[in-house]
Amino acid sequence: MPDASTDGPGVSRWAEGRIIEKDLPSPTTVRLRMHVEGRSRHVPGQHYLIRLRAPDGYTAQRSYSLASDTDDPLLEFLVERQPDGEVSGFLADVAEVGDVLEMRGPIGRWFTWDRHTPAVCLVGGTGVVPAVAMVRTARRLGRAELLRVAAWGRGPAELPYVDELQRFGASIAFTRTSDGSRPVGPMTPAELAPLVRDAEIAFICGSARFAEHAEGLLAECGLDQGSVRVERFGPTG
Amino acid sequence: MPVTRGFHRRRPETAKDRLPPGQYDTGDSWPVLSAEATPRLDEEAWTFSVDGLVDSPQTWTWSDLQALPGSAYEGDIHCVTTWSKLDVRFAGVSVDHFLAEASPQPEARFVLAHSVTGYTTNLPIADVAGGRAWVVWSFDGRPLPRQHGGPLRLLVPHLYFWKSAKWVSRLEFLAEDRPGFWEQNGYHDRGDPWLEQRYQGD
C-alpha cells in the first residue's frame, strides 16, 4: 500500500452548514449545495459528515462524498435515498433551503486524488460522486488528460451527473436500459484497458458488489492491486 | 449545537444502552468497508507471526492455529462509519495466548497489527490483553467471509472496528506508538466508541 497523501488538515471540527440549494435529480437522489462559513479547502475524494439532532438530544450522522471542487463557493453533495434511510430520507423529504445542519470535514486522506498522478476512476451509481469532484478539479486545473473515468449505471436516468461525465469524455456503461451508444451490459476488460493503460492509481467507488466486480476488472487489465483505492458503501441509511 | 428542524428519533430505544453515541443498529446487515482491494487468499499458505520486542518470535501456520485452544467472543461491534452490529459471535484464539507464547519484553508497550494488504493499525498492549482481543476465523459458526477479513482477522470489539484488522498476518510489538493506516489518515489513535473517539482531536 503506498503512503497516504498528507493533504488536508489533520483535525476538523463540527460547524454549521446552511442549505443554499436543494433539488431532487431523480426519485432516489437529493442534491444539496451548502455553505459552511470559513471551511477548510478540500481535495477531490474527501467527504463530510452531516449530523442531525432531535429535540431529545438523539443524533444521527452519516458521511457523504463531496461532488464539488474546492474553488466552488458551495459544498455539493448528491445523496442516495436509502430504504428507510434515517438521514438520507430526512435530507430528501424534510430538509429545506435555509435549514442549518451540523457538518464536519473535510475528512479522508486515502481516497483522494493528488491532482498530479495519472488516475482512473471506476464508479457505479451514486459512487460517481467523488469522481465528479475529481473531474471538476481536473477541469479547473487544465489537467483533464490525467484523469480517466468509467461509470456504470442501470440506465441514463439512474446515473447521477451523466451529462457532465459524458461532456468530460467519461466512458459510460448502462447495464439495464441503453441510450443506444453501446450494447447494454457491464464494461468489458477490452473497453477498460485503454483507460487503465497509463493510470498509476485507480479509484473504485460504489456498492460492495460493484467494487468487487471492478476490482476483478482492474486485475484482468493488469493493474497492480496496490494501486487500487476503494470506497464501498452499503445500506448505511 | 441547535436542534435540526423537523428531525426526530425514529428508531426504537430498546438497544439504546448498548449503542455508543452516534451509532445505529444495522440489524442483520453487515456493511463491508475496507480501503483496499479484497485479497484472494489461500488459507493453506497462510502464516501468522508475532515478533518485534518479544522474547520468542513465532510463526503459526493455518493448521497450527486450528490446534490452539479456542476462544470465542459474543457481543457487539461498532464501526466508525456509525453502524453497530449487536450479538455477533466470532471464534478463534485469544490474543492472550499469543502474548503468553511470545512473551513481550518489558519495554514493549504497543502493538502494530499488519495485514497482508499492507494495512496496519496500532494499539496499546493493554487493549489486546486481558481477554479483550482475538484472532478469529469463524463468524456465527461458519468460516469468516473473505470480504469481512477471512480467512483470519483481528478482533478488538471494545474499539471501533478499523482496529480489528482484516486479513491479519502479523502482530509487531513496539516500544513506541506507531500510527497505523487510518491513524495516519485522520482517525483517532485509540478509537473508543463510548468516548466517540472517531477522528484526530476527538
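Two strands count as paired if DSSP finds at least two bridges between them, with strands (E, at least two residues) and helices (H or I, at least four) taken as DSSP runs numbered from the N terminus. This is a predicted model, so local features need pLDDT of at least 70 and side-chain atom pairs count only at pLDDT 80 or more, while totals for chains, interfaces and linings use all residues. Residues are numbered from 1 along each chain as its sequence is written, and chains are lettered from A in the order in which they are written.

In chain A, strand E1 (residues 14-26) runs antiparallel to strand E2 (residues 29-36), and 7 bridges join the two. Across this pair, A:Glu21 sits opposite A:Arg33 of E2(A). Both strands belong to an open antiparallel sheet of 6 strands, ordered E4-E3-E6-E1-E2-E5. Strands E4 (59-65) and E5 (75-80) of chain A are at the edges with a single partner each, so one side of each has no neighbour in the sheet.

Then there's helix H5 of chain A (residues 208-220): its 13 residues reach 19 Å from first C-alpha to last, close to the 18 Å expected at 1.5 Å a residue (the expected span is 1.5 Å times one less than the number of residues). Its buried residues (20 or more other C-beta atoms within 10 Å of their own, C-beta atoms being placed from the backbone) are A:Phe210, A:Ala211, A:Ala214, A:Glu215, A:Leu217 and A:Leu218. They cover an arc of only 165 degrees around the axis (taken from the directions from the helix axis to the C-beta atoms), which puts them on the same side of H5(A). Just after H5(A), A:Gly222 takes a positive phi of about 85 degrees.

Technical notes:
Buried ≥ 20, exposed ≤ 12 C-beta atoms within 10 Å, placed from the backbone.
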